[in-house]
Amino acid sequence: MVLAEQIGGGGGMERYLDIVAPALGARGDRVVMLARSVGPQRSDARAVPWSDEHDEPSVQAAAMVRAEIESLEPDAVVLHNVLDAGVVAAARRASRMIYHLHDHRPTCPNGDRVYPRSGRRCSSPLGMSCLLHSALDGCMYGPRTRSLGLLRRRERLRDAIMTSDVVVANSPFVARRAAGSGITGALPVELPLPDDAYVDGPPRAGDGTAIFVGRVEPQKGLRSLVRAIALLPAGSRIPLRVVGDGPDLEGCVAEAARRGVVLELFGRCDANGVRAAIDASSVLVLPSLWDEPFGYVGIEAFARGRPVCAYDVGGISWWLRDGQNGILVPPGDERGLAGALLAMLRDGPAEAGIGAACARLGVAARGDAEAYRHGPIVDRLRALYAGA
């Protein structure tokens with residue numbers, strides 16, 4: 001039995017389940033999915049409206065989950081982004097319970113480990129430091145009584161997660177951050193890529209363009225990337241493709257126009273559209289300014305034979321090996337990011353429109369992508385679910 005925040009949608013956790021759940025079914029497992037939110041035309045899941053991360057746990061939803069477990073007697077209940085502590089406690093009625101940590105919300109009342117006022121990344125554990133930063137940095141609801149209530153609900157969620165037989169994290173970074181807040185022993189397991197994510201045969205040459213893929217919001221760093229490209233001499237400025245939308249898109253477009261940076265806007269794309277845009281480009285840039293739990297789009301680029309240039313934040317360094325399959329730049333170092341891109345894309349012609357360094361890194365990236373094929377990863381998860 002899978003309990004998930006959402007089934008159907010464009011988020012990373014939803015894509016994860018769209019890969020893993022059918023693969024479990026193909027191995028002979030019956031998979032029943034319950035979700036707080038179920039997308040349209042998803043008859044493979046049923047909605048159970050438990051509480052979101054800011055509200056008191058739902059007594060009714062917990063009772064519904066207990067009834068489902070008692071009726072179906074699943075071998076294991078597997079939870080993904082369930083942030084209602086009462087529902088997590090109800091799932092403990094199963095013979096085995098596994099909790100997947102996909103992001104920072106179980107150990108961060110803000111949800112993103114970023115201080116709202118300064119934008120700085122937080123490394124403090126869940127607890128009294130959160131109350132301190134509610135006053136200093138505007139965390140939670142600021143210095144108000146309701147902030148204490150939110151903290152207590154998050155601590156209750158943490159304690160419920162710790163009753164799991166297994167906790168799975170999507171990177172060693174997430175596991176370390178969780179351990180610092182009391183969720184100890186989480187096992188990092190690679191995120192899976194479906195077989196159709198991989199380019200067949202040698203990747204075709206890119207056109208010397210960089211590409212950004214993701215939701216356009218301040219923490220994702222598109223403005224920082226625009227400023228970095230603007231630091232290059234006018235004749236060396238790299239065109240930038242942008243796949244995605246979000247609240248900061250209009251501001252990023254205006255920033256690019258002011259600074260003379262060429263943007264090619266694709267809007268939101270399905271998986272095939274994203275792959276086509278990556279194939280046409282030469283390097284994917286991940287300029288995130290927050291601690292990315294993993295950075296899934298990076299290994300999607302690897303599977304297409306494209307290297308990645310990224311700020312060294314969060315879990316990115318688990319899969320990006322500096323100088324081998326891409327380049328890591330200190331967080332927020334826009335001049336360093338500009339220099340890295342120029343070195344990758346203008347390092348002598350190896351093929352049409354692509355530098356020798358970029359071609360070399362892309363070959364290594366395509367090889368490293370093999371570690372993320374879904375088959376072996378699903379087999380490992382299935383073993384964990386079964387108690388091996």
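Reader: What should helix α12 span, and how far apart are its end C-alpha atoms?
Author: In this predicted model, helix α12 covers residues 356-368, which is 13 residues. At 1.5 Å a residue, helix α12 should span 18 Å, and its end C-alpha atoms are 19 Å apart, so the two values agree.

Reader: Which residues are buried in α12?
Author: The buried residues in α12 are A357, C358, L361, G362, A365 and R366. They cover an arc of only 160 degrees around the axis, which means that they lie on the same side of α12.

Reader: Why do residues three or four places apart point the same way?
Author: An α-helix has 3.6 residues a turn, so residues with that spacing of three or four places point the same way.

Reader: Now to cavities. How many of 30 Å³ or more are found in the whole structure?
Author: The search finds seven cavities of 30 Å³ or more. The largest cavity holds about 130 Å³ of space. It is lined by 16 residues, and C108, P109, C122, C130 and C139 are the closest to its centre.

Reader: What classes of residue make up the lining of the largest cavity?
Author: That lining has ten nonpolar, five polar and one charged residues.

Reader: And how much space lies in the second largest cavity?
Author: About 70 Å³ of space lies there. By class, the lining of the second largest cavity has seven charged, four nonpolar and one polar residues.

Reader: Which helix gives the most to that lining?
Author: Helix α5, residues 145-161, gives the most, with three residues. The lining residues of the second largest cavity include R153, R154 and L157, and also D52, E53 and D84.

Methods. Residues numbered from 1 in each chain as written. Predicted model: local features only at pLDDT ≥ 70, side-chain atom pairs only at ≥ 80, totals over all residues. Heavy atoms only, no water. 1 Å grid on protein atoms, 1.4 Å probe; cavity = no way out; pocket = protein on both sides within 12 Å on 5 of 7 lines; lining within 4 Å. Points joined across faces, edges and corners; volume = space filled by probe spheres on them. Nonpolar A, V, L, I, M, F, W, Y, C, P; charged D, E, K, R; others polar. Helix = DSSP H or I, 4+ residues; strand = E, 2+ residues; numbered from the N terminus. Expected span 1.5 Å × (residues − 1). Buried < 20%, exposed > 50% of the residue type's maximum accessible area, 1.4 Å probe, protein only. Arc of directions from axis to C-beta.
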